[in-house]
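Welcome! Please open the structure below and keep it beside you while you work through a few exercises.

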Amino acid sequence: MSDILLVAEQLYRHYGRVSAVQELSFSLARGQILGLLGPNGAGKSTTLRMLAGLLVPSAGRVWLLGEDLQQAPPRLRAALGYLPEQPPLYPELRVAEYLAFCARLRGLRGAAVAAAVARVCEQCGLSTVVQRVIGQLSRGYQQRVGIAQAIIHEPAVVILDEPTVGLDPVQIQEIRNLITALSARHALILSTHILPEAQALCSQVLIIKAGRAVLSETRAGLAARLHTDSLLLGLRRPPPLALLQAVPGVSAVAWLDAQRLRVQHRPDAHLAETLVAAAVAGDWGLFELIPEQRSLEHIFVALAGDDTLPGAD
Amino acid sequence: MWTIARRELFSLLLSPLAWVVLALMQAVLAWFFMLGLDYYLYQRSALPILPEQQGFTFIVVHTLFDRAGVLLLLIAPLLSMRLISEERRQQRLALLLTAPLSNTQIVLGKYLGLLGFFSLLSLLLSLMPLSLLAGGSPDWGHLAAALLGFWCLAAAATAVGLYFSAISPHPALAAIGSFGVLLMLWLLDWSGAGVGVVGALSLYQHYQGLLSGVINSADLSYFFSLTGIFLILSAGQLRRLVNP
C-alpha cells in the first residue's frame, strides 16, 4: 500500500446532462507510467484535470498520498506536477525567470530555487536556452519547459496531458526519452490518443472510450492483445496458393494484390521462421514479412462490441 | 502570494501596454496640470487676497486629481482585464491552481501585483504638484489626502476589474464589464446632491471627499469595503471555475 501514490475511486464527471467520465477507477504506484489511451473526446483530459485538482469530480474521490484531494489543504498539491495540453507558459519571460517563478510558486525558497532550476534544465535539456525568452523558443523547447515546470518541485506524481502532441518526430522521440528517464524518480500518468506511443512509454495502459474504462492492461498484456494470427507476405515470384497452404501451421491464405498475400496461421505456430525458410528454399523472392497488429480502432470494436469506429486517427 | 504579485508586476512592466498607459496618462495629466496652474495664476491676479498656500494646493491639486480619477476609470479596466481571463485562455490558470496555494492567496497575489503598478502611477502623479516646490510650498496634508484618495480609487477599481476578469472568458468582456460598473458607480450621484443610498454608494462622492483634503473614515471604509467585496467575490469565482 505504501507505494500506491495516487488512487482514483469511482470518478464521475457530468457537464450538464453530458457525462464526460463515468465510473473510472485506477491506482498509480511509484515507478509506474500509466497511460490513458483513447480517441479525442474520450474524457482523458477531464480525468487528468480531476486528478490534478483542477476539476471537482461529480462523484468519486481522488486520493493523493493517502489523502482526499478535495478535503486536504492546498499544501498537499505540492506532491503534484501537472502539464496541461497547452504548456502554461508566460511568453514574455526568460526560461530561467519562468522556472524560478514556478519553483517559488510551489513553495521553494532561497538557494533551493536556483538549485531546482539548474536541475530541471539539466534533466530536460534546456541548459542552452536558459536565458532565451520563452516566446521565441520552438514548440519542442516550449514543451520541454512545460515538463520542466511540472517536475521542478520533485512531485511524487507527474501528470502530463498529451505531452507529444504537435511535435515533429525528432522532438517526439526526445520527449519520450525524457519521460522514460523521469519514471525512475516519479510516478507518471499521461494521456495520448496514439497507440504506439502508449506501447512505447507506458508500463500500464488504461483504454478509455466515451468516459468509461474499457481495458486496463500491462504493456505485455497489451502487446498480446494487439497480436493477431496473421502475417503480410510480399513475394516477387509467388508460388501457387496450394503450395503456401501446405506450409505447416498455415490455416488460410488470401491474395491482397499480385505480389502480396495475407497468411492466417494457428495461434501457436511460429510461422515467420518457417515461411522464410520455405521462401529461400523455393526462391520465391521474399521482400516483405510483417506480423499484423490490431489498431486501436480494432481493439475498441472488439471490446465495445459495436461496429461504429470511434473518431480517432 | 508575493511570488504571483511580483511576476504580475514584472510581466506588466515588460508589456508595452503598461508603458503606453503611463506615458499617455502623464501627458494628458501634464496638460491638465498646466491648465490648473494657469487658472490659479489667473485667479490670483483677480483675487490677490487668497491665502497663497491654500489657493494653490486647492485649485491645482484638486483639478489634477479629479481628472486623474476619471482617467483611472478608463485605464483600470484595461490593465486589469487580463489578470485572470488571460490565464484561463492560455490554460495557465492550471499552473496557479495546482500550486499549493489557496484561492485567496492567488487572488491577492494578482491583486497586489497590479496595485503595485498603480502605486507607481500614484507616485508619478504626485511628482507634478511637487515640482511646484520650486516656487512655493504646497499644503502637504491636502496633497497627501488627495494622493490617498487616488490610491484608494485605484485599489477599488483594481478589485472590480479583477472580479470581472475572473468571470469573463475573454479579456475584452472583462474590460467592458468592469468599466460599466465603475462608470455606473461614478455617475450614480452626478448631480452632487449626495443624499441617501445613492450618495452613499457613489464612487464620485467618496473620491471628492478625499480630494477636498478631508480624510474621512466613512470614505475610507467605503473604498475598503468595495475592494474587500470584490476580492471575496473573485476568490469565490475561482472556486466555481474548479467546480462548474
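**Exercise 1. Find out how confident the prediction is along chain A.**

Solution. Begin with the chain as a whole: the mean pLDDT of chain A is 85, and 94% of its residues reach 70 or more. Confidence is highest in helix 2 of chain A, at 93, and lowest in helix 10 (residues 296-304) of chain A, at a mean of 68. Finally, go to residues 306-313 of chain A, where pLDDT stays under 50. For that stretch the model has 14 contacts beyond four places in sequence.

**Exercise 2. Describe the side of chain A that touches chain B.**

Solution. Start with the counts: 22 residues of chain A are in contact with 18 residues of chain B. Then ask which elements supply them. Strand 6 (80-83) and helix 2 (95-105) of chain A are the elements that give two or more residues to this side. Helix 2 of chain A makes the largest share, three residues. Now sort the side of chain A that touches chain B by class: 13 residues are nonpolar, three are polar and six are charged.

**Exercise 3. Follow helix 2 of chain A and decide how well it is covered.**

Solution. Count first: 10 of the 11 residues in helix 2 of chain A are buried, so-called mostly covered. Among them are V95(A), E97(A), Y98(A), R104(A) and L105(A). Next, see what lies against these buried residues: they pack against helix 3 (111-123) and helix 4 (139-151) of chain A, together with helix 1 (2-14) of chain B. Take Y98(A) as an example. Leaving out residues up to four places away in sequence, Y98(A) touches L89(A), Y90(A), L93(A), I134(A) and V145(A). To finish, step past the end of the helix to G107(A), whose phi is positive, near 95°.

**Exercise 4. Locate the nonpolar cores and a hairpin.**

Solution. The largest nonpolar core has 140 residues. Y98(A), L99(A), A148(A), V157(A), I159(A) and A159(B) touch the most other members. Helix 7 (residues 140-167) of chain B gives this core its largest share, 16 residues. A second, separate core holds nine residues, including L233(A), L235(A), L271(A) and A279(A). Within the pair, W255(A) stands opposite L261(A) in strand 13 of chain A.

**Exercise 5. Work out the build of chain B.**

Solution. List the elements first: chain B has 11 helices and zero strands. Its radius of gyration is 19 Å, close to the 18 Å that the globule rule gives for 244 residues, so chain B is as compact as a globular protein of that length. Along the principal axes, the C-alpha atoms of chain B fill a box of roughly 65 × 40 × 25 Å. Turning to burial, 41% of the 244 residues in chain B are buried. Among contacts in chain B with a separation of 6 or more, 78% are between residues 24 or more positions apart. Last, zoom in on helix 4 (residues 82-89) of chain B, whose buried residues are R82(B), L83(B), I84(B), S85(B) and E87(B). This helix 4 of chain B is followed by Q91(B), with a positive phi near 60°.

Technical notes: Residues numbered from 1 in each chain as written. Chains lettered and ligands numbered in written order. Predicted model: local features only at pLDDT ≥ 70, side-chain atom pairs only at ≥ 80, totals over all residues. Contact = placed C-beta atoms within 7 Å. Helix = DSSP H or I, 4+ residues; strand = E, 2+ residues; numbered from the N terminus. Nonpolar A, V, L, I, M, F, W, Y, C, P; charged D, E, K, R; others polar. Core = buried A, V, L, I, M, F, W, Y, C linked by C-beta atoms within 7 Å. Buried ≥ 20, exposed ≤ 12 C-beta atoms within 10 Å, placed from the backbone. Pairing = 2+ DSSP bridges. Rg over C-alpha atoms; globule rule 2.2 N^0.38 Å. pLDDT = per-residue confidence, 0-100.
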